[in-house]
Amino acid sequence: MASTLGTLFRITTFGESHGPGVGVVIDGCPPRISLATSDIQAELDRRRPGQSRLVSARAEADHVEIVSGVEDGLTLGTPIALLVRNEDARPQDYAEFGGLFRPSHADYTYEAKYGIRAVAGGGRASARETIGRVAAAAVARQFLAAAGVEVLAYVKRVERILALAIAPGRVTRAQIEANPVRCPDPAAAAKMIRLIERVRKRGDSVGGVIECVARGVPAGLGEPVFDKLEADLAKAVMSLPATKGFEIGSGFAGTLLLGSVHNDPFYMEHGRVRTRTNRSGGVQGGISNGEDILIRVALKPTATIALPQETVDRAGRSATLRGRGRHDPCVLPRAAPMVEAMVLLVLADHWLRQAALAAAQVASRPGRRAPRRR
Ligand SMILES: Cc1cc2nc3c(=O)[nH]c(=O)nc-3n(C[C@H](O)[C@H](O)[C@H](O)COP(=O)(O)O)c2cc1C
């Protein structure tokens, strides 16, 4: 199902960007996890537009309501439904597109597939759909944090400005949140901010790369064939709008190395198997090896720009489109919490799958007899 992700920790998002609201239903969250509205709201505040001059000016508080599955601050084990009502929808901003297909947006492909589309705001193709994902991931974060897992994403590159002074093993949330571009390298962040402001004034947009680290993930998460951990991570983050590439560990740069340089040698540390380097990005054979999981995601320049662009309408007549409305000149600062969210959701799901396997292994241990039938 196209709006559902996960096997045991399962989420379904719903809602259009300019409809009454957006949200998510989470099925499979374990009971007795501590969960307050403020835990979810804090994550939505990092995702929402209107945070700074670098992002869309749409002014929405994105207040979350917990509709089901939580009582007295604890999850019940039943489906958790989270709802955010749309408040600052302005469909008139889109009326002037007059049914023209925005180049590199989802307008044409939705029409080609369904023969109809939610014209205002891109409907399900809008980044507003990710509210449900980020809200669900706040729940996943609560339960993974209790197990010692921490997931952080930050802006690594905007166009050609690359942040080099970042140690993924030590980066903190405070460093990421210290500036509006969410780049924990302050010198690079200042340059990125200047670039995004310049581009916004010209009515144009820029893209870049987000890096995400998951620390404290034990060895053993991931399935060996189709649900390899890196395959599920790639699918999850590539399901975010505007994504154009995925890398894990050494990624494409690793192809330039010889095996003798690229391999991660093993050693023992306090009775635990470790690797000296982490070019694998924490995953080998589709299964986590206990090192930090490190991925990178490429995001394109925002499709809707104020400059004139060649396009066509539904009838195939050629036209010129000049984007209006409130758009992100660079999606990366807001996409960082979204990438974190997708990684959290995948890890929560694989955590539960591994816990189920461990429980089955205990149940099937030699010497354990099946209960006798009476
Ligand atoms: C955080 C974020 C913010 C976005 N904001 C906008 C926007 O303001 N205007 C726009 O045209 N696209 C925006 N997008 C991208 C579109 O949603 C996306 O490009 C479009 O649905 C087409 O899908 P595709 O780029 O994956 O092919 C944003 C994406 C993200 C991740």
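Which side-chain atom lies 2.4 Å from an oxygen atom of the ligand? A polar one, from Thr-304. A quick word on the basis. This is a predicted model, where local features need pLDDT of at least 70 and side-chain atom pairs count only at pLDDT 80 or more, while totals for chains, interfaces and linings use all residues. Residues are numbered from 1 along each chain as its sequence is written, and side-chain values use heavy atoms, leaving out hydrogens and water.

Back to the ligand. His-327 has a polar side-chain atom 2.8 Å from a ligand nitrogen atom. His-105 places a polar side-chain atom 3.3 Å from a ligand oxygen atom. The protein buries 87% of the 620 Å² that the ligand exposes when taken alone; these are accessible areas from the Shrake-Rupley method with a 1.4 Å probe.

Now the shell. The ligand is surrounded by 17 residues, each with a heavy atom within 4 Å of it. Ala-125, Lys-300, Thr-304, His-327 and Asp-328 are the closest. By type, the shell holds 9 nonpolar, 5 polar and 3 charged residues. Asp, Glu, Lys and Arg count as charged, and Gly is among the polar ones.

On to the helices. Helix α1 spans residues 37-47, and helix α4 spans residues 130-145. Their axes, lines fitted to C-alpha atoms over the stretch in contact, come within 9 Å and cross at roughly 135°. The crossing of α1 past α4 is right-handed.

α4 has another partner here. Helix α9 covers residues 332-363. The α4 and α9 axes come within 8 Å and cross at roughly 50°. This pair is therefore oblique too. α4 passes α9 in a left-handed crossing, with the near helix turned anticlockwise from the far one by less than a right angle.

Note on methods: A polar contact is a pair of N or O atoms within 3.5 Å; within protein, one must be able to donate a hydrogen and the other to accept it, and residues adjacent in sequence count only if both atoms are side-chain atoms. Axes are lines fitted to C-alpha atoms, for helices over the stretch in contact, and angles run from 0 to 180 degrees between N-to-C directions. Helices (H or I, at least four residues) and strands (E, at least two) are DSSP runs, numbered from the N terminus. Angles under 35 degrees count as roughly parallel, over 145 as roughly antiparallel, 65 to 115 as roughly perpendicular and the rest as oblique.
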